[in-house]
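Please keep the coordinates at hand while reading.

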Amino acid sequence: MKATTLKKALITGITGQDGSYLTKFLLDKGYKVHGIVPRGEVECKGRLFNVLDHPHLTLHDGDMLDGASLHRVLMTVQPDEIYNLAAQSHVGFSFHAPEYTANVNGLGTARLLEAMRLLCPNARFYQASSSELFGNAPAPQCETTNMVPCSPYAAAKLYAYSMVQIARKSYKLHASNGILFNHESPLRGEDFVTRKVTKAVAAIKVGTQNILELGNLDARRDWGHAADYVRGMWMMLQQDQPDDYILASGESHSVRYLVEAAFKVVNINITWQGRFTEEQGRDQKTGKVLVRINRDLYRPNDVHHLCGDASKAREVLGWQPAVSFDDLISEMVEEDMRFALQNKRAETIILKAENAA
Ligand code: NAP
Ligand code: F7E
């Protein structure tokens, strides 16, 4: 019987939200998955907890800031597909660390593309591009919309996006940009607004937090589920020709609406009073203030309205999202409720033990 060789995928940013969903997706498809982990830090692997022992998963030390480490990994693995998900991915933080963000997100991509060109030019390359590239270009945004970055994060991602197109045109590399609109999940980092909200809603419901502080409530985003979006990444690399595609739900909501939707999952109705930085969200039943504005959480420059048109991905790839906004928020709140109850139980046990001592 002829032995079949499994395809090899290499993922940078494997310990992030998308990295963990993509790893599970590719392992289920029968791939051998290799991941690059900066600093080899064990505690960063938390999101991979349910696949860490999988025989087809291998982690390698490597850093987007260190070209030699990327060369070493590519030489060892010789991947068929490369998914470049590694980034300093927080837009707000990029205003505090513009140089670092440019180095990881921008130059890091150039380093990886150059390593691929030299060591495995027949591999296929996916670049995690972002709807932030469009800045405040009018919605809906599609692949031909003007890109006007509003943050150091977006500027660095625009450089990476361009380097992918340059590699494709100059060296005929199979390199594609996925221009992904916001996608979330229970594994979303706690500094991003959806997870910050769902975590706070759960903690407020179980009584371990009193209030949720936010910045710009008027910003509108097109939020989908990470599981749908990693499927789209893979679909792009299965095409004969490389290209750039938007993945989006086509629906947008304000941060204010997100807050209302999340509290509704735990049967709290929020009513709003006051304007601008004086605005407050109260529990309709008790009148208690549960949400207030913190000026420090505003960004020096924000993107007001992102809403994507994913017609090209629908028509060419046959991609469409399966999870609705309401189901996404319910899943996130329910998962955070489980954590919040666990934490509360643990705190009660510790308190009882301390009192008994
Ligand atoms: P994430 O959770 O922040 O994950 C980022 C990953 O990059 C982490 O594993 C992180 O590892 C790794 N990383 C950071 N600096 C690195 C370095 N110097 N070398 C190697 N790895 C490094 O982000 P995500 O939400 O999964 O997003 C994945 C990618 O898609 C990112 O490039 C992001 O910019 C882009 N994107 C995300 C969205 C979205 O809505 N989620 C939308 C569009 C585009 P450590 O945690 O150990 O530092
Ligand atoms: O902010 C507003 C904030 O940080 C969304 C990244 O994955 O998606 C993500 O970037 C909106 C912004 O995501 C708070 O001002 C209000 O208008 O959740 P976010 P993001 O900036 O859209 C894109 C597509 C990426 O590529 C990025 O990698 O919410 N907002 N109050 C707040 N945001 C945060 N984080 N915290 C607040 O307290």
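Which residues of α1 are buried? In this predicted model, they are Gln 17, Asp 18, Gly 19, Ser 20, Tyr 21, Leu 22, Thr 23, Phe 25, Leu 26 and Leu 27. Since 10 of the 12 residues of α1 are buried, the helix is largely enclosed by the rest of the structure. Just after α1, Gly 30 adopts a positive phi of about 95°.

Ser 20 illustrates the burial of this helix. The residue lies in α1, and it counts as buried because its relative accessibility is 6%, the cut-off being under 20%. Apart from neighbours within four places in sequence, Ser 20 is in contact with Ile 14, Arg 47, Leu 48 and Leu 187.

A further partner of α1 is α7. The two helices pack at an angle of about 65°, their axes being 9 Å apart, and their crossing is right-handed. On the α1 side the contact is formed by Gln 17, Asp 18, Tyr 21, Leu 22, Phe 25 and Leu 26, and on the α7 side by Ala 226, Ala 227, Val 230, Arg 231, Met 233 and Trp 234. Sorted by class, this contact comprises 9 nonpolar, 1 polar and 2 charged residues.

In soluble globular proteins, nonpolar side chains tend to be buried together. The largest nonpolar core here contains 44 residues, and those with the most contacts inside it are Leu 22, Leu 26, Tyr 83 and Tyr 126. At least two residues of this core are supplied by each of β1 (8–12), α1 (17–28), β2 (32–37), β5 (124–130), β6 (174–180), α7 (226–237), β11 (244–247) and α9 (311–317). The largest share, 8 residues, comes from α7. Beyond four places in sequence, Tyr 126 touches Ile 82, Tyr 83, Asn 84, Leu 85, Ser 176, Gly 178, Leu 180, Met 233, Met 236 and Leu 237. A second, separate core of 30 residues includes Leu 214, Leu 328, Met 332 and Ala 340.

Another helix to consider is α6 (residues 193–206), whose 14 residues reach 20 Å from the first C-alpha to the last, close to the 20 Å expected at 1.5 Å a residue. With 10 of its 14 residues buried, α6 is therefore largely enclosed by the rest of the structure. Among those buried are Thr 194, Arg 195, Val 197 and Ile 204. The elements covering the buried residues of α6 include β7 (183–184), β8 (212–214), α8 (255–265), β15 (289–293) and α10 (325–356). Just after α6, Gly 207 has a positive phi of about 90°.

Most residues other than glycine have a negative phi, and most peptide bonds are trans. Lys 172, although not a glycine, has a positive phi of about 60°; it is found in the loop between α5 and β6 and is exposed, with a relative accessible area of 68%. Asn 267 also has a positive phi, near 60°. This residue occupies the loop between α8 and β13 (270–273) and counts as exposed at 69% relative accessibility. Finally, a cis peptide bond with omega of about -5° joins Ala 139 and Pro 140, and Pro 140 is placed in the loop between β5 and α5 (152–171).

Technical notes. Residues numbered from 1 in each chain as written. Chains lettered and ligands numbered in written order. Predicted model: local features only at pLDDT ≥ 70, side-chain atom pairs only at ≥ 80, totals over all residues. Heavy atoms only, no water. Core = buried A, V, L, I, M, F, W, Y, C linked by side-chain atoms within 4.5 Å. Buried < 20%, exposed > 50% of the residue type's maximum accessible area, 1.4 Å probe, protein only. Helix = DSSP H or I, 4+ residues; strand = E, 2+ residues; numbered from the N terminus. Contact = heavy atoms within 4.5 Å. Axes fitted to C-alpha atoms, helices over the stretch in contact; angles between N-to-C directions. Left-handed = near helix turned anticlockwise from the far one by under 90°. Nonpolar A, V, L, I, M, F, W, Y, C, P; charged D, E, K, R; others polar. Expected span 1.5 Å × (residues − 1).
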